[in-house]
Amino acid sequence: MEPPSPLAIEATGLAKSFGATRAVCGVDLSVRSGTVYGFLGPNGAGKTTTIRMLATLIEPDEGTARVLGHDVVREADAVRRRVSLTGQYASIDEELSGRENLVLLGRLLGYSHKQAKGRADELLEVFDLAEAAGRQVETYSGGMRRKLDIAGSIIVPPDLMFLDEPTTGLDPRSRNQVWEIIRALVAQGTTALLTTQYLDEADQLANRIAVIDRGTVIAEGTSGELKASVGAGALHVRLRDPERRSEGQQVLARTLGVEVHPESDPVALTASVSDPERVARALTELSRADVGVAEFALGQPSLDEVFFALTGRPAEERTEQENENEEEDAA
């Protein structure tokens, strides 16, 4: 008897088209069991289509994939028995209460009524939904529905979780709760494939990360490896006076020889740099121009900056063509 594969997901050359639109163009993935694997890309890049193929919801046009040792086309039922999928939209019955939804799922998955109710109450408590357990889901906020949807996907802890932007719409406290639950499940042996628009989420959770753009994986590695691949550090500067930010931006850009980006903080600027000596000169030039610096830091780029360097745009930005791709995908 062959030993079990250390890989939970093995995909080679996965491709999928919708009419004339090629949504996925030959994706290769290797995801080790018992880890969190981040799958990042702009909206419309092919993340959800890839997950739907791996979760057996649609068949690939080309390529092969094995999930937990089973072929996703020839052994689709075996895959479905061992995975869960939390998509971008809640898949719960709004006419039932939160508790009724979870009890129903538990019963469908083989629990006795007593076991299903006990598991439902446990999850409602973990997700801070106990007080609303008896209310119809149609009265829940978007964040509450999201948490109930995630709870439903782990009624029976799966061997593999497909988490497609699981914390979209959640407040920071709820996001942290979900992170802790994911960590706890992975510590018990579950594998997670995570797509997210929050790059700090991938930085916090993922053991390895793949970046997909326009249907193709363009980079793969640990968070540290991806940051090192950019070949530059990140300079963050906070000025004393927000009125001088435009002038400071011009001085830094001229001295560093790179593009300098304003941040959401009205006194903050950031730039990718590879020469520390230029940083020293740039700070001197700011002083000469009488642009006061409150603080500065030079370190590794963030995943957001890595993402921008790899794809040429922020994670949340989408092009008109990608909007069309996503509409085809949903169809």
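V83 has L160 as its bridge partner in β7. That contact belongs to a predicted model, in which local features need pLDDT of at least 70 and side-chain atom pairs count only at pLDDT 80 or more, while totals for chains, interfaces and linings use all residues. Residues are numbered from 1 along each chain as its sequence is written, and side-chain values use heavy atoms, with hydrogens and water left out.

Back to the strands. β6 and β7 (residues 160–164) run parallel and are joined by 4 bridges; two strands count as paired if DSSP finds at least two bridges between them. Strands and helices here are DSSP runs, numbered from the N terminus (E, at least two residues, for strands; H or I, at least four, for helices). Zooming out, β6 and β7 sit in an open sheet of 6 strands with mixed pairing, ordered β6-β7-β8-β3-β9-β10. The edges are taken by β6 (83–86) and β10 (216–221), each with a single partner strand, so one side of each has no neighbour in the sheet. From one strand to the next, the twist averages 15 degrees; angles run from 0 to 180 degrees between N-to-C directions, with axes fitted as lines to C-alpha atoms (for helices, over the stretch in contact).

Helix α6 (residues 172–187) lies across β3 (36–40), β7 and β8 (191–195), at about 155 degrees to β7. Contact, here and below, means heavy atoms within 4.5 Å.

A further open sheet has 4 strands in the order β12-β13-β11-β14, and its pairing is antiparallel. At its edges stand β12 (260–262) and β14 (293–299), each with a single partner strand, so each has one side left without a neighbour in the sheet. Ignoring direction, neighbouring strands of this sheet are turned by 20 degrees against each other on average.

Going through the pairs, strand β11 (residues 233–239) is tied to β14 by 6 antiparallel bridges, and R238 has E295 as its partner in β14. β11 also pairs with β13, antiparallel, over 6 bridges, with G233 opposite V273 in β13. β12 and β13 share 3 bridges, again antiparallel; one of the links runs from H261 to T270 in β13. β12 and β13 form a hairpin, with 5 residues between them. As for burial, 5 of the 6 residues of β13 are buried, so β13 is largely enclosed by the rest of the structure (buried means under 20% relative accessible area, exposed over 50%, partly exposed in between, with a 1.4 Å probe and protein chains only). Helix α10 (residues 276–288) lies across β11, β13 (268–273) and β14, running at about 170 degrees to β14.

R32 sits in strand β2 (residues 21–32). R32 and T191 are 159 residues apart in sequence, yet their C-alpha atoms are 7.7 Å apart in space. Beyond neighbours within four places in sequence, R32 is in contact with P6, L7, A8 and T191.

Then there is backbone geometry. Most residues other than glycine have a negative phi. L68, which is not a glycine, has a positive phi of about 55 degrees. L68 lies in the loop between β4 (62–67) and β5 (70–71), and is buried at a relative accessible area of 14%. D128, also not a glycine, has a positive phi of about 60 degrees. D128 lies in the loop between α4 (113–126) and α5, and is partly exposed, with a relative accessible area of 39%.
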